[in-house]
Amino acid sequence: MTFSKLGLCEPILKAVLEQGYTAPTPIQAKVIPEILAGRSVVASAQTGTGKTAGFVLPILERLKGERKRRAKRMRALIIEPTRELAVQVQESIRQYARHLDVVSMAMFGGVDTEQQKQQLIEGVDILVATPGRLLDMIHQRALHFDELEILVLDEADRMLDMGFIGDINKIIERLPEQRQNLLLSATMSDDVRRLADTNIENAVEISLENDWASAPKITQWLVTVDKHNKSALLSHLISEHQWTQALVFIRTKHGAAKLASQLVKRGINAEAIHSDRSQANRSKILAEFKSGELPILIGTGIAARGIDIDNLERVVNYDLPDDADDYIHRIGRTGRAGASGEAVSLVSNDDFKRLCAIESRLGQLIGRRDNEAFKAVKEVPISILDFVKKSARESTGRRSTDGNKPGNPWLKNRK
Ligand code: AMP
C-alpha cells in the first residue's frame, strides 16, 4: 500500500514524503479512505500508530482548495484533552499542510485569550482546541460553528478520564447536526462507547485490536525496591545504563519537584514539568527534552500525558499508576512508529495491588531485574494474574476489555 493509492493530492503526498513516511501505517490505510468518502468513523487506535496523520491527511484533502475564510468560523474542529496534545496536533497539521492553503490554530487555556480571539477573527480552517478554553470562547461569542463540517474527538478515553464529558456535551450541542464525526480512542471502554453511540450516527467502526504489527515494540522490566530508596535507585540506573533520555512519571507535583532537585544534586540533569509551572516554562522544558538537551524529564501523569516525542527511548514509572489503562498509555509514549522503546518501573511493596492490576491487564508478569545493592527489605510478592479491582467488579461486574487483551504481544517482556 502506498499513500498515492489512498487518493490524496500531490501537495499532501509531497508533505508526507518530506516527513519521511514511505507507506501508510495500518490505521492510516483503514481510516483514510473512510474519511475521504465522508463517513463518520469510530476508531480504536493507540497513540504511536500514526493515528494523527490518519485523520489529519484526509481532512486536509477534504478542505483543500480556495475558499474565503470567514471570521470566527472554522470548517474542522479537533478537540484534544491537553494543551500539549493540542499544540502537537496543530504542529502536525502545519507540517502536512505546508504545500496547501489551509490555516490551522491551536487554542488552549493558561494563556491570554486576546491573541487567540484575534487569530479567530483573521480566519482559520482547522481549530485544534482543549474543551475548557473552547467553551470559554463560545461563551464569549468568539466562535461560531455554522460552517463546521468535521468534528474530531481525539483521545476520547483520556478526555473522559479527565472529566471533560460535561464540557464535550455542551460543545456538541452547539454544533450543526449535519457534520462528519471522527472519534479516536486508545481504549473502547463502556463510557467511550456511550459517547460514540449518543453523538455519532452511522459510524464505521475501525479497530486495530488484532493488528499488532502497527503497534509499538516495548521492552518492559521492573525493579523491586523499598520506597525510600527509589530516588537513589533511579540515579543509579541513570548513571549505570547511561540513559540519555527518560520520561519519569511520578504521583505528585511536590514529588516531581523534589525528585528533580535530588537528581540535580547527584549531578544528573533533570527537570520537573507540572501544572504549577507557567506555560512558557513548560514549553521551554519540553523543547529541551525533545531536542535531547535535557535527558531526564519528570512529570505527574497529567502533565506528561500529552507528550509526543519521536523515538522517545524510555519511560520510567517512578510510581505505578492507579489505573492499569494509564500504565498502557504511559508506556505507549515510547516505541513509536516502528521504533523500539523501554518501559521501566520502580515497584515497592505498597505498589503491589497496582502491580497486580497492571500485570493482570497485560495478561503476563513483567520481568524483574532486581539490583542487589537496592534489595527490597519489604518484598514485593509475585502477582496474582486474575486480579480484578474491587471497584471494577462492583461497577461493571466484569473486567474492562479493549485492544490490549491479556497476552497482547506488542508488550514484549524481557524476563
Ligand atoms: P501518532 O500515533 O499520531 O502519535 O504518531 C506517532 C508517530 O508516527 C509520529 O511521530 C508520526 O510522525 C509518525 N508517523 C505517522 N505516520 C507515519 C508513517 N506513515 N510512517 C512513519 N511514521 C509515521
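Helices α5 and α6 are roughly perpendicular to each other, because their axes meet at an angle of about 70° and angles of 65 to 115 degrees count as roughly perpendicular. The model is predicted, so local features need pLDDT of at least 70 and side-chain atom pairs count only at pLDDT 80 or more, while totals for chains, interfaces and linings use all residues. Residues are numbered from 1 along each chain as its sequence is written, and side-chain values use heavy atoms, with hydrogens and water left out.

Helix α5 covers residues 113-122, and helix α6 covers residues 131-139. Helices here are DSSP runs (H or I, at least four residues), numbered from the N terminus. The axes of α5 and α6 lie 12 Å apart. An axis is a line fitted to C-alpha atoms over the stretch in contact, and angles run from 0 to 180 degrees between N-to-C directions. The crossing of α5 and α6 is right-handed: the near helix is turned clockwise from the far one by less than a right angle. On the α5 side, T113, Q116, K117 and L120 make the contact. Contact means heavy atoms within 4.5 Å. By class, these residues are 2 nonpolar, 2 polar and 3 charged. Ala, Val, Leu, Ile, Met, Phe, Trp, Tyr, Cys and Pro count as nonpolar, Asp, Glu, Lys and Arg as charged, and the others, Gly among them, as polar.

Next come α3 (residues 51-63) and α4 (residues 83-96). Their axes are 10 Å apart, at an angle of about 50°. Helix α3 brings T52, A53, F55, V56, L57 and L60 to the contact, and α4 brings V89, S92, I93 and Y96. Which classes make up this contact? It has 8 nonpolar, 2 polar and no charged residues.

Further along are α10 (residues 230-240) and α11 (residues 253-265). Their axes come within 10 Å and cross at roughly 50°. That makes α10 oblique to α11. Their crossing is right-handed. S231, L234, S235 and I238 of α10 touch L259, Q262 and L263 of α11. The contact has 4 nonpolar, 3 polar and no charged residues.

Now look inside. There are 4 cavities of 30 Å³ or more. A cavity is a set of points on a 1 Å grid over the protein atoms alone where a 1.4 Å probe fits but cannot get out. The second largest cavity has a volume of about 60 Å³, the space filled by probe spheres set on the points. Its lining includes R67, K68 and E147, where lining residues have an atom within 4 Å of a point. By class, that lining has 2 nonpolar, no polar and 8 charged residues.

Definitions and conventions. Helix = DSSP H or I, 4+ residues; strand = E, 2+ residues; numbered from the N terminus. Parallel < 35°, antiparallel > 145°, perpendicular 65-115°, else oblique. 1 Å grid on protein atoms, 1.4 Å probe; cavity = no way out; pocket = protein on both sides within 12 Å on 5 of 7 lines; lining within 4 Å.
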